[in-house]
Amino acid sequence: TPQDISLADVRKSINFCHQVNMKILGLVENMSGYTCPHCGQELDLFKKGGGRQTALDMGVPFLGSIPIDRQLMEMSDQGQAYLLQDLNPAVREAFEAVLANILDQLIIKGAGSTPPVQKKEGPAMSPETITLSDLKIAIPLAEGILCNHFGHCEQFALIDLKGNEISGKQMVTPPPHEPGLLPRWLGEKGVNLIIAGGMGQRAITLFTERGIKVLTGAPQLPPEELIGHYISQTLVTGANVCDH
């Protein structure tokens, strides 16, 4: 939770995990804001943003923030799945964002840990079948490093991975920016993973529908360095920096 006394305990826990070489998947800020059901005013009962800042200070991935919601508490006590109900869209979106970031971290940390699979026909594979032996990764660039604004990059680096080695690299200039065009264009080029700084939720949905996995919140580094971190399972991602 975001208040200082809680964050002090979290920092101790993170330090303990580091000392015993326990991998940390990421940090979630709970009780992050509350919207009054009567007047609609947003209140920060336990402050807000402390989790994100702590994750940044401690070098831990920030997975997202979950607001306070009375219905969530009530349904949990009743043993019911909150996300199966159409209750509070803001809380649902918060949980879905956290889940998406968890899946991103699992793919980063688990890359190459499963046996290679036979590549399927078509422009892109399902995210569940992606391994290091059959990856084509797209990285949006500006001035030679990762561009935070995905749809307005200067170039894409298309990197082919075979096992733990880069087998090919191609620099391509994207077509003029047009909604919905890049998912189709990159899909036709066989891309099945994108490493980005930020991307709008609609674009993420379009890529997902094509079986293309998206990792957001990556640092602004040259493509070879990003790929090196990805291969060694040391790529740390943060918040989606351009989610409009």
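These legends accompany several close-up views of a predicted model.

**View A. Helix α5 and its cover.**
Let us start with helix α5, which spans residues 181-188 and is mostly covered. Of its 8 residues, 6 are buried. Look for L181, L182, P183, W185, L186 and G187, the buried residues of α5. What lies over them? The cover of these buried residues includes the strands β5 (135-142), β7 (155-162), β8 (165-172) and β9 (193-195), along with helix α6 (201-209).

**View B. An edge-to-face pair, F150 and F207.**
The structure holds 3 aromatic pairs, and this view shows one of them, F150 with F207. The ring centres of F150 and F207 are 5.6 Å apart and their planes meet at 90 degrees, so the pair counts as edge-to-face. Which parts of the chain does the pair link? F150 sits in the loop between β6 (145-146) and β7, while F207 belongs to helix α6, and these distant parts of the chain place the two residues 57 apart. F150 counts as buried because its relative accessibility is 5%. F207 is likewise buried, at 0% relative accessibility.

**View C. A tilted pair, F156 and W185.**
Here the rings of F156 and W185 come into view, with centres 5.9 Å apart. Their planes stand at 55 degrees, so this pair is tilted. F156 lies in strand β7 and W185 in helix α5, so the pair again links distant parts of the chain, 29 residues apart. With a relative accessible area of 0%, F156 is buried. W185 has a relative accessible area of 15% and is buried too; this tryptophan is one of the buried residues of α5 seen in View A.

**View D. The aromatic cluster.**
Stepping back from the separate pairs, you can see F150, F156, W185 and F207 together, linked by ring pairs into a cluster. Helix α6 contributes F207, and W185 comes from helix α5.

How many disulfides does a search of the whole structure find? The search finds 0. C147 is in no disulfide, and the nearest cysteine sulfur, that of C153, is 5.8 Å away. Is C147 buried or exposed? C147 is buried, having a relative accessible area of 8%. Another cysteine to look at is C17, which counts as buried because its relative accessibility is 14%, under the 20% cut-off for buried residues.

Technical notes
Residues are numbered from 1 along each chain as its sequence is written. This is a predicted model: local features need pLDDT of at least 70, side-chain atom pairs count only at pLDDT 80 or more; totals for chains, interfaces and linings use all residues. Side-chain values use heavy atoms; hydrogens and water are left out. A disulfide is a pair of cysteine sulfur atoms within 2.5 Å. Buried means under 20% relative accessible area, exposed over 50%, partly exposed in between (1.4 Å probe, protein chains only). Helices (H or I, at least four residues) and strands (E, at least two) are DSSP runs, numbered from the N terminus. Contact means heavy atoms within 4.5 Å. Rings of Phe, Tyr and Trp (its six-membered ring) pair if their centres lie within 6.5 Å; planes under 30 degrees apart count as stacked, over 60 as edge-to-face and the rest as tilted.
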